[in-house]
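Please read them beside the sequence and the coordinates.

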Amino acid sequence: MKTLFKCDKFTMFTLNKYVGSHIHPFPAVNLNELSENSKKRKEEAARKRQAKIEAKRGNVKKVKRTHPPYRLSEQLKAVTGKD
């Protein structure tokens with residue numbers, strides 16, 4: 001396996017990345033860099049962490065909701081008397 005995959009070992013999470021490059025149609029894979037999806041996930045996680053830190057500091061304005069989280073049908077509006 002070492003000669004084929006050029007690594008000593010890999011986990012079940014990276015298995016698809018290594019084996020997938022050896023299955024037709026043989027896409028070119030750079031195993032030394034993160035994939036586009038991995039980069040996006042990493043950036044999203046960093047953005048969420050930063051937002052959480054700013055929220056703890058009180059730097060973030062909370063969004064006020066302008067509409068209710070649900071909509072009632074016309075029949076239910078008639079029963080409850082609420083919009």
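1. Confidence in the protein is lowest in helix H4 (residues 74-80), with a mean of 73, and highest in helix H3 (residues 36-57), with a mean of 89; the score is pLDDT, the predictor's confidence in each residue on a scale from 0 to 100. For the protein as a whole the mean pLDDT is 76, and 71% of the residues reach 70 or more.

2. This is a predicted model, in which local features need pLDDT of at least 70 and side-chain atom pairs count only at pLDDT 80 or more, while totals for chains, interfaces and linings use all residues. Residues are numbered from 1 along each chain as its sequence is written, and side-chain values use heavy atoms, with hydrogens and water left out.

3. The secondary structure comes to four helices and zero strands, so that the elements run α-α-α-α from the N terminus on, where helices (H or I, at least four residues) and strands (E, at least two) are DSSP runs numbered from the N terminus.

4. Helix H3 has 22 residues and reaches 32 Å from its first C-alpha to its last, close to the 32 Å expected at 1.5 Å a residue, the expected span being 1.5 Å times one less than the number of residues. Just after H3, Gly58 takes a positive phi of about 85 degrees.

5. How many salt bridges does the structure hold? There are two, a salt bridge being a side-chain nitrogen of Lys or Arg within 4 Å of a carboxyl oxygen of Asp or Glu. One joins the side chains of Lys39 and Glu36, at 3.9 Å from N to O, and these residues both lie in helix H3, three residues apart, about one turn of the helix. In the other, Glu44 pairs with Arg47, with the closest N and O atoms 2.5 Å apart; Glu44 and Arg47 are separated by about one helical turn because they are three residues apart in helix H3. An α-helix has 3.6 residues a turn, so residues three or four places apart point the same way.

6. On accessibility, Lys39 counts as partly exposed at 32% relative accessibility, as does Glu44 at 32%, whereas Glu36 counts as exposed at 53%; buried means under 20% relative accessible area, exposed over 50%, and partly exposed in between (1.4 Å probe, protein chains only). Buried residues make up 5% of the 83 residues in the protein.

7. The protein exposes about 8500 Å², of which carbon and sulfur atoms supply 56%; accessible areas come from the Shrake-Rupley method with a 1.4 Å probe, and for residues only the protein chains shown count as cover.
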